[in-house]
Amino acid sequence: MMESKPNQTINKTTGLPRKRFYRARAHSNPLSDSHFPVPLSPSHVDYSLHYPQLVPSADQTDSSKKIQFADIGCGFGGLLISLSTLFPETLMIGMELRDKVTEYVKERILGLRVANPGRYQNISVVRTNSMKYIPNYFEKGQLTKMFFLFPDPHFKEKNHRRRVISPHLLDEYAYVLEVGGIIYTITDVEELGDWMKSCLENHPMFEALSEEELEDDHVVKLLSTATEEGQKVARNEGQTFQAVYRQIVPAS
Amino acid sequence: MLFVSAGDDKLVKVWSTQSWRCISTVCSEKRVSAIAVSNDGLHVCFADKFGVVWVVDLPGVDGNEASLNKKAVPLLAHYCSIITGLEFSPDGRFIVSADRDFKIRVTVFPKKPLDGAHEIQSFCLGHTEFVSCLAFISTSDCLQGFLVSGGGDSTVRLWDIISGSLLDSCEVGAKVGDLKSDATEGNCSTVTDICTIPDCTLIAVAIQSLQGIMLLSCDLQSQTLSLAKVVSIVGENFIPTSLGSSISGGLLWMVTGGSKLLSSDLSSLSRVKVISGFKKNSPDSSEQEPVVLADSEIPGGAKLLEKLQGSVSIDEKVLLAAADAVKTAMCNLLIKKQYSVEKREFRKRTRNDKKTRQ
């Protein structure tokens with residue numbers, strides 16, 4: 001029996017998307033060429049598309065507001081949603097490679113905006129390959145925070161080069177972060193945790209936050225609780241491994 | 001002075017231009033797509049098709065030692081992108097790398113390059129197709145220089161590498177189109193090579209469909225590019241694919257050729273021509289009177305041509321075959337294959353989540 005129900009994918013009561021209609025594989029090939037539009041340069045990023053209420057298209061060139069937080073591999077958007085209300089004045093974006101997952105996050109944000117007028121206007125998502133196109137989205141020193149929560153471990157040694165944290169990619173992340181900007185990483189895979197910490201420790205443009213600084217940073221607590229992935233790890237009583245570093249000017 | 005060569009044999013060879021001996025051989029894991037030597041001659045950088053730029057340090061220039069086999073270390077990387085150009089800035093402070101994904105990255109060349117080059121100065125973004133070549137304009141009054149780049153989008157662009165801003169863009173492909181009275185088939189106006197004439201603000205541009213070269217003039221004050229002159233090659237089908245200027249003597253050398261020519265008896269071909277008449281320190285481009293030299297007028301004459309080309313004269317048909325081969329090679333390497341949605345889905349058919357249920 002065929003029933004035509006438009007928007008069956010969206011729950012009528014909450015206005016939020018139903019996850020089962022957005023099932024996707026956990027992995028996406030970061031090496032394959034893009035089939036999605038890529039902005040020519042950071043000045044070509046359409047802010048009025050992502051943040052219609054905060055950046056009306058009329059004065060896009062005048063706007064001094066720039067994206068400051070980037071969630072790399074944002075998955076289903078849990079972190080962005082938590083951060084949105086903690087930092088209501090900050091523009092944030094999630095980057096996700098998987099098509100269906102990006103669509104889910106888009107619908108989720110739209111639903112939340114409708115249900116909570118005035119809120120969640122500062123978050124958005126874009127489907128892109130952050131390992132190739134971060135310089136297209138962000139100017140030098142633009143970001144104040146970058147998040148890498150539970151990235152794909154790419155266990156096989158031959159696939160280590162597909163890891164989103166690597167010595168070479170850290171050059172680009174250091175470039176888009178402002179001096180003093182912070183990179184947050186967390187994983188439940190110990191080997192990956194060691195790898196990420198080691199990459200950051202050995203990079204001349206990053207230094208570790210001290211214990212006190214970690215204590216004082218409200219965002220650190222969100223790393224293991226705000227996302228679906230983090231909640232799953234907690235449910236299974238798994239251990240997490242985090243590395244939080246600050247961008248610094250390299251010693252000459 | 002050093003000369004570096006690299007090839008599909010995955011070897012990078014460094015030669016002394018004094019003795020013309022190979023003083024060092026470096027093995028590369030992948031085929032090399034670009035090379036550059038630091039201005040002080042102490043480091044050689046080479047890039048591979050996977051986007052990694054490697055660096056190796058060299059001993060003092062008068063290496064009388066036989067080939068030392070050095071191991072290169074990674075300097076920086078463009079993630080999974082073919083690196084198409086590598087150049088050092090005239091003041092040696094920066095190394096510029098260009099890739100197939102339309103990007104140009106300017107990185108601070110550190111005091112200890114073997115530890116890697118981690119500090120990115122800027123990205124020069126603006127090309128709408130792969131970047132194919134890089135060159136620096138530098139004159140005695142402007143030592144820092146300006147970067148020029150050419151790309152598959154048929155433009156030559158002028159950049160300020162400190163900020164990464166695009167200063168000017170010249171649509172050379174369109175200008176070639178204006179010159180031709182007959183409509184050219186397809187868009188064959190990729191910029192294949194650019195070369196700056198030392199101490200001059202002229203840029204020589206080789207374009208895929210142009211039989212000759214286009215000379216652009218750069219105005220350092222207004223930071224703009226303009227078309228100065230087109231130097232056509234008459235009498236033979238010669239489309240240069242590689243350009244080089246002599247340090248002194250005001251000559252521009254042009255080469256075309258290719259290996260693995262399918263539609264010819266010859267396995268490989270090269271044809272060399274020279275343009276002379278460039279005057280140094282001449283701000284007024286109309287003073288320049290470049291002229292294509294006849295084979296007999298080339299320094300080295302017939303003897304040189306015989307060595308470089310295999311024979312003094314080249315058959316017209318062979319030249320056409322070579323032009324075709326070069327066009328195919330560049331397109332295959334650098335232009336991304338665009339698949340239709342149906343084709344993409346077809347290619348994914350072996351994936352588990354794409355298999356239709358029985």
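**Contacts and charges in a predicted model**

Reader: Of the contacts in chain A with a separation of 6 or more, what percentage is accounted for by residues 24 or more positions apart?

Author: The model is a predicted one. Among chain A contacts with a separation of 6 or more, the share that falls to residues 24 or more positions apart is 77%.

Reader: How many helices and strands does chain A have, and what percentage of its residues count as buried?

Author: The secondary structure of chain A comprises nine helices and seven strands. Chain A has 252 residues, and the part of them that counts as buried is 50%.

Reader: Which residues gather in the patch of positive charge on the surface?

Author: One of them, B:Lys10, sits in the loop between β1 (2–6) and β2 (11–16) of chain B. B:Lys10 counts as partly exposed, at 35% relative accessibility. The patch of positive charge consists of B:Lys10, B:Lys30, A:Lys156, A:Lys158 and A:Arg161.

Reader: Why are A:Glu229 and A:Lys232 separated by about one helical turn?

Author: These two residues form a salt bridge, with the closest N and O atoms 3.9 Å apart. A:Glu229 is partly exposed at 33%, and A:Lys232 is partly exposed at 39%. The separation is about one helical turn because the two residues are three residues apart in helix α9 (residues 228–235) of chain A.

Reader: How many residues apart are B:Asp8 and B:Arg31?

Author: The side chains of B:Asp8 and B:Arg31 meet in a salt bridge at 3.7 Å, N to O. This pair links distant parts of the chain, with B:Asp8 in the loop between β1 and β2 of chain B and B:Arg31 in the loop between β3 (22–27) and β4 (32–37), and the separation is 23 residues.

Reader: Which residues are linked with B:Arg271 in a network of salt bridges?

Author: B:Arg271 forms a salt bridge with B:Asp295, in which the closest N and O atoms are 3.2 Å apart. B:Arg271 lies in strand β23 and B:Asp295 in the loop between β24 and α2 of chain B, so the pair ties together parts 24 residues apart in sequence. B:Arg271 is buried at 3%, whereas B:Asp295 is partly exposed at 22%. The network links B:Arg271 with B:Glu236, B:Lys273 and B:Asp295.

Conventions: Residues numbered from 1 in each chain as written. Chains lettered and ligands numbered in written order. Predicted model: local features only at pLDDT ≥ 70, side-chain atom pairs only at ≥ 80, totals over all residues. Heavy atoms only, no water. Patch = residues over 30% accessible without salt bridge, like charges linked within 9 Å, V, L, I, M, F, W, Y side chains within 5 Å. Areas by Shrake-Rupley, 256 points an atom, 1.4 Å probe, with all protein chains shown as cover. Salt bridge = Lys/Arg side-chain N within 4 Å of Asp/Glu carboxyl O. Lys, Arg positive; Asp, Glu negative; His and termini not counted. Charge placed at Lys NZ, Arg CZ, Asp CG, Glu CD. Helix = DSSP H or I, 4+ residues; strand = E, 2+ residues; numbered from the N terminus. Buried < 20%, exposed > 50% of the residue type's maximum accessible area, 1.4 Å probe, protein only. Contact = heavy atoms within 4.5 Å.
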